[in-house]
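Please read them beside the sequence and the model.

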Amino acid sequence: VSRDVVFARFRQLPQLSQREFAGEVLVLNPDCDDVEHLQGTAVHVWKMLETPRTLPDLVMVLSQQYAAHEADIGEDVEALLDDLIARDLVEEVVDVDV
Amino acid sequence: MTSSPGTSSKRWSTLTSDGSAVLAARRIAGFGLGSSKSFTAPATDDQWPQLVRRIRSQKLCGLAAAAVESGSLQITNEQFAELLEIQRWMMVHALHVEKKLYEIGRALNEARIDFVVLKGPAFANSLYSNPAWRPFSDLDLMVSTANWRGACSVLAAEGYTRVIPEPHKGFDERFGKAAAHRAENGFEIDLHRTLVLGPFGLWLDPNELLEHTASVRIGGRQFRRLDDTASLINACLHAALGARPPFLLALRDVLQIANSEDVDWALLADWSKRWRLGAALRYAFETASQQLEVELPREAFAIVGSKARRTEVRALESYTTERRSRGGMPLATLKAIPGLRAKATYVAYLVIPDKEFLKARSSGKSSYLGRWKVPVNWALTRRAGRTRSIRSEAGRELHNEIGRRELSDMITRMSRGSSSDSAEGAHSVIENWTNRSASFWRCACESTSLGEVIVKTDSAWARPDPRIVHNRTLRLESLLAEQGVMEVGVPRVLGWQSDPPAILMEHITGTNLSKLVRSAAPDDTDLMDRLLQIISSCGRALGALHRHGQVEDSAEMLAAARMDIHRLVRRLMISRGKLYPLETLTLAESYGDFALYNFIASPEGRLYLIDPPLQRTVSLVHKDVAQFLTEVRASLGASAIGRSNDMDRRLGQLREAFFEGYIQIGPVDLRTPENAWLVTLYETHRVLAKVAKGIRRRKYRRAMDYARACQGLRLTLTRMPTSGNARTELSQ
């Protein structure tokens with residue numbers, strides 16, 4: 001994990017419309033046409049991203065929740081984060097203090 | 001977001017029986033609002049489809065999913081998966097509606113037009129604890145009357161076309177409620193100027209309402225919505241006046257908002273009084289509380305307990321009773337419009353609307369005559385309704401007598417006579433209705449052995465008749481089974497009582513066959529194929545009844561039948577020379593009322609025959625056949641097929657299907673010229689009698705249905721082959 005990723009903080013885009021039910025989340029970015037469907041671990045990550053979080057934060061919380069080693073899940077969480085960013089659901093918080 | 005009141009107090013363990021698809025839906029609609037009613041019966045495979053249909057049509061999937069998650073509603077994993085699939089679909093749609101809101105909101109803001117978001121998106125995102133509980137499918141926006149034209153222009157610039165044009169320039173601002181605007185992809189926006197059509201919409205002051213707004217965050221953007229008090233007015237008017245019967249989700253909105261802490265009840269009472277909304281608010285609160293079995297907040301008691309003015313009650317009735325389909329709303333609107341000049345303008349706009357409006361309202365055919373027929377039909381049906389209500393007085397007395405007693409006790413008592421089922425326990429009346437002499441209550445039983453039941457009483461019954469109905473029903477059931485007509489059944493009679501006379505029956509979910517035929521359209525080949533099968537089964541059923549009840553030659557009865565035929569021939573002015581020799585007449589026990597309206601087609605494809613005859617009468621088998629075919633003619637005449645050129649062909653097909661079914665079991669071959677001729681003779685007589693009766697009773701529409709259906713009947717009779725040829729055929 002590069003230094004940029006370690007310190008960068010991520011959050012949900014503010015303009016999203018979303019619905020949560022039965023442990024799943026549907027999200028629509030009004031600038032796109034597709035509704036994204038999140039389930040399982042993705043929902044946990046998604047809910048954590050309601051407030052800005054770094055990747056190590058996410059990995060640490062998930063490793064505690066799922067009783068897994070951070071090293072085992074780190075790559076998966078990073079891939080998920082990349083995917084959410086690629087789908088225009090998550091953005092990096094630009095914060096001059098960091 | 002405000003919190004949902006009392007989210008933990010409502011619990012029920014499992015779904016009840018079919019009946020309770022209705023009850024279950026109501027309880028789902030009330031989920032989280034603090035009722036303590038519990039369910040005990042399990043959901044079975046045949047009950048689930050009914051419930052899921054209701055959940056979908058009433059948009060209750062979000063609440064149902066939440067109820068399952070909380071453990072209040074127990075269904076199988078497969079059923080939950082089906083439920084979630086519907087919920088996903090509805091939520092995807094809701095998210096797209098919100099996307100449209102961003103787009104159109106931006107355009108309205110740029111045009112500096114203030115607007116508020118009404119109903120779905122506003123309620124879901126501000127008044128429900130979870131927006132997923134409140135699906136919505138369209139977008140309702142409200143603007144002030146001053147901004148109405150500007151907002152319409154913005155929508156037009158954004159690619160939305162008004163679905164129905166204004167009846168006349170200026171109508172919208174003076175008398176209109178809203179206009180639907182549709183995009184090319186079919187998405188619709190309802191642009192409102194006031195909350196509701198008709199008198200209540202005219203009485204309330206939309207400008208004052210628009211002064212009471214709050215902010216709602218939808219996605220990442222802020223919009224204006226009506227504040228909780230004004231939203232409660234909106235929800236109540238929508239629930240009470242929007243649809244008949246009210247949508248469960250609309251009733252849920254009423255209770256959801258009524259439980260908000262931010263409702264200003266003093267202001268609501270003031271508006272209720274000043275805007276004459278008392279009757280509508282009371283109706284909405286009472287209906288919501290009753291249907292969802294949820295108590296109202298104490299603050300609502302003052303409104304529910306207040307006495308509404310006569311004008312309000314009359315206005316409400318124009319929405320909530322059958323007057324709605326008889327022009328009740330325009331008439332009530334006319335009364336609510338102040339000033340003679342304005343009333344005259346309203347009438348003129350509606351009677352002589354612009355051509356464009358006329359064209360849009362009548363599917364492309366612009367005809368003033370067609371439009372003027374509408375109020376004439378309203379007037380005629382209103383008059384016929386009055387006649388009917390006088391005739392049903394005896395039935396109503398009996399209805400009241402039973403209504404005064406505890407229905408639950410009656411059901412329990414009656415069901416004790418049934419060997420296999422018990423209906424002990426609580427019962428809820430789902431609906432009740434009356435016809436000329438009979439009254440019906442459809443009730444859900446919370447017992448495990450009975451689902452939904454019907455209690456029927458009939459003022460025409462003498463004291464011992466309920467027992468006879470019971471026995472006749474059992475006999476009919478075994479007779480059909482004996483003759484191998486397995487596709488036709490009889491609703492079980494579960495019990496009866498003599499005083500007051502009533503029977504308890506199994507409730508059959510399905511469509512009345514008469515209604516099914518009426519819904520047929522010329523291009524609906526699937527339905528026609530299904531109808532051909534159904535009518536053939538009806539033929540088999542009647543054939544079986546006649547085969548079983550066939551009467552051996554009785555000289556007296558045959559002579560009476562011949563005299564009857566000769567009498568008809570004279571009345572219909574058919575020459576004696578064309579008569580067949582009436583030597584092979586077949587007599588059987590008659591069903592009497594063997595007609596489409598006494599059949600129910602269940603969704604599973606089974607037919608149920610109801611109302612068995614109480615008295616044993618013997619007549620020509622052709623009479624029963626003619627009775628059935630006459631009703632087929634009338635129902636088809638009332639359908640879209642009846643107004644098309646396809647009537648003769650379709651009727652011929654149905655007739656042929658019936659004959660085919662009948663001759664499989666029945667005692668006579670209806671296709672022989674003599675039998676076909678006799679059937680036609682009785683059909684002609686029956687159709688003409690029905691037309692005359694319709695005219696006499698001023699049921700002109702019904703008379704027209706029969707008249708339309710009798711085309712070609714006399715023609716068939718008079719064109720029968722000469723008796724010489726027929727005699728030859730028969731003698732062979």
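1. Of the 732 residues of chain B, 54% count as buried, where buried means under 20% relative accessible area, exposed over 50% and partly exposed in between, with a 1.4 Å probe and protein chains only. This is a predicted model, in which local features need pLDDT of at least 70 and side-chain atom pairs count only at pLDDT 80 or more, while totals for chains, interfaces and linings use all residues. Residues are numbered from 1 along each chain as its sequence is written, chains are lettered from A and ligands numbered from 1 in the order in which they are written, and side-chain values use heavy atoms, with hydrogens and water left out.

2. The secondary structure of chain B comprises 31 helices and 19 strands; these are DSSP runs numbered from the N terminus, helices being H or I of at least four residues and strands E of at least two. Among the contacts in chain B with a separation of 6 or more, 72% are between residues 24 or more positions apart, a contact being heavy atoms within 4.5 Å.

3. The largest nonpolar core has 88 residues, and F200(B) and F285(B) have the most contacts inside it. Helix α10 of chain B (residues 228-241) gives this core its largest share, 9 residues. Such a core is a set of buried Ala, Val, Leu, Ile, Met, Phe, Trp, Tyr and Cys residues joined through side-chain atoms within 4.5 Å. Leaving aside neighbours within four places in sequence, F285(B) is in contact with residues including L232(B), C236(B), W265(B) and I303(B). Apart from this core lies another, of 45 residues, with L476(B) and F594(B) among them.

4. In chain A, an open sheet of 3 strands has the order β2-β3-β4 with antiparallel pairing, two strands being paired if DSSP finds at least two bridges between them. Its edge strands are β2 (17-21) and β4 (35-39) of chain A, each pairing on one side only. Strand β3 (residues 24-28) of chain A pairs with β4(A) over 5 bridges, and L26(A) has H37(A) as its bridge partner in β4(A).

5. Helix α4(B) lies across β2, β3 and β4 of chain A and runs at about 160° to β2(A), on axes fitted to C-alpha atoms, for helices over the stretch in contact, with angles from 0 to 180 degrees between N-to-C directions.

6. Not counting residues up to four places away in sequence, K100(B) touches L139(B), Y160(B), N185(B) and F187(B).
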